[in-house]
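Subject: Structure handover

Hello,

Here is the structure for you to look over. My notes follow below it.

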Amino acid sequence: EEEFKWLLQEEVHAVLRQLQDILKEASHRFALPTSGSGGAYKQENFVLSTSSTDQVKGVMTLQGDALCQADVNLKMPRNNQLLHFAFREDKQWKLQQIQDARNHVNQAIYLLMNRDVNYQFKTGLEVLKLMDAVMLQLSRARNRLTTPATLTLPEIASSGLTKMFTPALPPDILVNFYINLNKLCLTVYQLHVLQPSTTKNFKAAGGSVLHNPGATFEFGSQRYEVSHVHKVECVVPWLNDALVFFTVSLQLCQQLKDKISVFSSYWNYRPY
C-alpha cells in the first residue's frame with residue numbers, strides 16, 4: 001500500500017513531467033520558429049526526386065504547415081517536352097496533416113498540464129483515464145502523418161491545388177502533395193482522354209492515396225484514363241524527430257499504465 005501511494009504521489013508526477021518535456025520538444029518541431037522573428041516560421045527548401053526516374057523533379061519550400069513555394073519540372077514521355085510549373089506568388093498550400101498532428105500534440109500537452117501543481121492522484125483509475133486520453137491524442141497525431149488521405153481522381157482534379165500554378169496546369173496533368181510518415185510526397189498523374197467511341201469498359205476508380213496507370217474517372221463531361229504516374233519525395237528531418245517523440249511518449253504512457261494495473265490487480269484479488 002505504501003509503495004502504491006508513493007507511485008501515485010511521486011512517480012506519476014515524474015512521468016507526467018517527462019511526457020510534457022518530450023511533447024513540448026515535438027510541438028517545437030512543428031512550429032520551427034526563427035530566432036528573433038516573433039514566432040515566424042523558418043522556410044526550408046526540399047528537393048523532391050526519385051532514383052528510378054528523372055521524369056519529375058520538384059523544389060518545395062516548406063514553412064511550418066504550409067508549402068509556400070513549389071517549382072515542378074515535368075518531362076513528357078511522349079515527346080520529351082519539358083514543362084515547368086511554379087506556385088503563383090500570392091498562393092500557398094496548407095498541409096492539413098501537419099496542422100492536425102500539431103493540434104493533437106498540443107491537446108495532449110494541455111491534458112498533462114491541466115491540473116494544479118500540488119494536485120495528488122487518489123486512485124489508479126484516475127491515472128489510467130489520463131494516460132488513455134493522452135495516448136488517444138498521440139495516436140491521432142501519429143496517424144495523421146502515417147496515413148495520408150484517400151482521394152478519388154475527381155477530388156484531386158477539383159482540388160484548389162490545381163489552381164495554384166503558373167502557368168496553369170494543362171487539363172491532362174493532375175498533382176497531389178501529401179505527407180507519408182517523415183516524407184513530403186508529390187504525385188503527378190498524366191492523363192489521356194477516353195473517346196466516346198472507345199470499347200473499353202469504363203469503371204471509375206475509387207479513393208486511394210496513389211492511383212495506378214489504367215485508373216479511369218469522369219470529370220466535367222470528359223472521361224479520362226491515367227497513362228503515367230510519377231511519385232517523388234524527400235525526407236523532412238523534423239517530421240522524423242516528431243514521430244520518434246510520439247513513439248517514446250506512447251511507450252512511457254503504456255509503462256505507467258502497466259505499473260498501475262499491476263497494483264490494481266493486486267488490490268482487487270488479494271486474499272482477505
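**Aromatic pairs**

The structure holds seven aromatic pairs. Rings of Phe, Tyr and Trp (its six-membered ring) pair if their centres lie within 6.5 Å; planes under 30 degrees apart count as stacked, over 60 as edge-to-face and the rest as tilted. Phe 30 and Trp 238 are edge-to-face, because their ring centres are 5.7 Å apart and their planes stand at 75 degrees. This pair links distant parts of the chain. Phe 30 sits in helix α1 (residues 2-31) and Trp 238 in helix α5 (residues 237-269), 208 residues apart. Both Phe 30 and Trp 238 are buried.

Phe 30 also pairs with Phe 246. These two rings are stacked, at 6.4 Å centre to centre and 15 degrees between the planes. Again distant parts of the chain are linked: Phe 30 is in helix α1 and Phe 246 in helix α5, 216 residues apart. Phe 246 counts as buried because its relative accessibility is 0%. Buried means under 20% relative accessible area, exposed over 50% and partly exposed in between (1.4 Å probe, protein chains only).

Elsewhere, ring pairs join Phe 85, Phe 87, Phe 165 and Phe 177 into a cluster.

**Basis of the model**

This is a predicted model: local features need pLDDT of at least 70, side-chain atom pairs count only at pLDDT 80 or more, and totals for chains, interfaces and linings use all residues. Residues are numbered from 1 along each chain as its sequence is written, and side-chain values use heavy atoms, with hydrogens and water left out.

**Helices α2 and α3**

The axes of helix α2 (residues 96-113) and helix α3 (residues 124-146) come within 8 Å and cross at roughly 165 degrees. Axes are lines fitted to C-alpha atoms, for helices over the stretch in contact, with angles from 0 to 180 degrees between N-to-C directions. The helices α2 and α3 are therefore roughly antiparallel (under 35 degrees is roughly parallel, over 145 roughly antiparallel, 65 to 115 roughly perpendicular, the rest oblique).

Residues of α2, including Ile 98, Leu 111 and Leu 112, meet residues of α3, including Leu 130, Val 134 and Leu 145. Contact means heavy atoms within 4.5 Å.

**Whole chain**

The protein chain has five helices and 10 strands. Helices (H or I, at least four residues) and strands (E, at least two) are DSSP runs, numbered from the N terminus. Of its 272 residues, 42% count as buried. Among contacts between residues at least 6 apart in sequence, 66% join residues at least 24 apart.

Best wishes
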